[in-house]
Amino acid sequence: MTPFDASSPRARPAPAGLTDSLGRTVSYLRLSVTDRCDLRCVYCMAEHMTFLPKAEVLTLEELDRIASVFISQGVRKLRLTGGEPLVRKGLMGLVQRLSGHLQTGALDELTLTTNGTRLAIFAEALAGFGVRRVNVSMDTLDPELFRRLTRGGDLAQVQAGIAAARAAGIAVKINAVALARDNAAEIPALIQWAHARGMGITLIETMPMGEIDEDRTDQFLSLADVRRDLESYWTLRDLTVSTGGPARYVEIAETGGRLGLITPMTHNFCEGCNRVRLTCTGTLHTCLGQEDATDLRAVIRAGATDAELVAAIAGGVDRKPKGHDFRIDRGTAPSVSRHMSTTGG
Ligand code: SAM
Ligand code: SF4
């Protein structure tokens, strides 16, 4: 097999860089590997979800092919998400294949956002494939509240997953959705819990994505208000680090740790946005808060060559919207009809 043999899985067009019409370079792909999940978080899913028929979901080979073409076009960071990525059968095979791009130096980081329930099972394997960091979602330290928020989840299982990941040498960052009624009072304790263990933590404002059973407006908690409250007893110092996304970071002097604040409802990050998302059905979304879409599954299932796939991706990226249009004040109607679990958080 020559280096230019098109049948080689790693023979890809030379990196050209994906740049949109506003000059933003796309270097970060979030890849949803499944819409399924073993939890049913109240802000994310309805209690009785209808999941997609298997034929609609990309196969592991298709996920690998599309991700690898993105990497060939300059994507340097890949995050697997979902749904819950660790419930996808055969995921470790995909991680192993994608880890090849870490070895060649084409990819800087292969990471995961997970609810942690199956992390104890997979932590060693993930570490072996070069995963150095994961984000684990955990909104509360109260087992009863955790069970209610996730509709049945076991907090101890998640915490065992976190411990297993750390024991395997994987750095863990905690993600917590800020919920006005449920965990607002507990936020300082969550921060202390993470920082005392040497973990960063990021708070996320609720986003109006997908129909759920609740009205999100009464759970919306502004992180500007949270920050003001924290500043009444802690010393927060703004950090200049940016990941090209909606997170802003501060360091808390008293806890010695880092806190991220994700405020997707504000517009202060769109001009530096470096990321795109691929749903588990192969739809490319270049903005979390817009309905823009490019169907890459149709492209590959029609037998496209890698060059044709590159052209479809480049066309989608070129149409990346200037910014999103989230508004929480529309009552129960979501701004974007697709669920976060379909798009990939
Ligand atoms: N199942 C994995 C998990 O929970 O980490 C990965 C997928 S989940 C959709 C990714 C992140 O999105 C989680 O941190 C979750 O809390 C967050 N999320 C889900 N629905 C959300 C919403 N409507 N608003 C804000 N964040 C949301
Ligand atoms: Fe599942 Fe993650 Fe959505 Fe919770 S936030 S229901 S864990 S996909």
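A polar side-chain atom of Glu 84 lies 3.2 Å from a nitrogen atom of ligand 1, a polar contact in the sense used here (a pair of N or O atoms within 3.5 Å). The structure is a predicted model, in which local features need pLDDT of at least 70 and side-chain atom pairs count only at pLDDT 80 or more, while totals for chains, interfaces and linings use all residues. Residues are numbered from 1 along each chain as its sequence is written, chains are lettered from A and ligands numbered from 1 in the order in which they are written, and side-chain values use heavy atoms, with hydrogens and water left out.

A backbone N or O atom of Met 207 is 2.7 Å from a nitrogen atom of the ligand, and one of Tyr 43 is 3.2 Å from a nitrogen atom. On its own, ligand 1 has 540 Å² of accessible area (Shrake-Rupley method, 1.4 Å probe), of which the protein covers 95%.

The shell of ligand 1 holds 19 residues, counted when one of their heavy atoms lies within 4 Å of the ligand. Gly 83, Glu 84, Ser 137, Val 177 and Met 207 are the closest. By class, six are nonpolar, ten polar and three charged; Ala, Val, Leu, Ile, Met, Phe, Trp, Tyr, Cys and Pro count as nonpolar, Asp, Glu, Lys and Arg as charged, and the others, Gly among them, as polar. At least two shell residues come from each of strands E5 (109–114), E7 (171–178) and E8 (200–205).

Around ligand 2 are Cys 37, Leu 39, Arg 40, Cys 41, Cys 44, Met 45, Gly 83 and Asn 115. This shell has five nonpolar, two polar and one charged residues.

The protein chain contains ten helices and 14 strands, taken as DSSP runs (helices H or I, at least four residues; strands E, at least two) and numbered from the N terminus. Eleven of the 13 residues of H1 are buried, that is, under 20% relative accessible area (1.4 Å probe, protein chains only). Leu 60, Glu 62 and Asp 64 are among them. Just after H1, Gly 74 has a positive phi of about 105°.

Of the 345 residues of the protein chain, 56% are buried.

Definitions and conventions:
A polar contact is a pair of N or O atoms within 3.5 Å; within protein, one must be able to donate a hydrogen and the other to accept it, and residues adjacent in sequence count only if both atoms are side-chain atoms. Buried means under 20% relative accessible area, exposed over 50%, partly exposed in between (1.4 Å probe, protein chains only).
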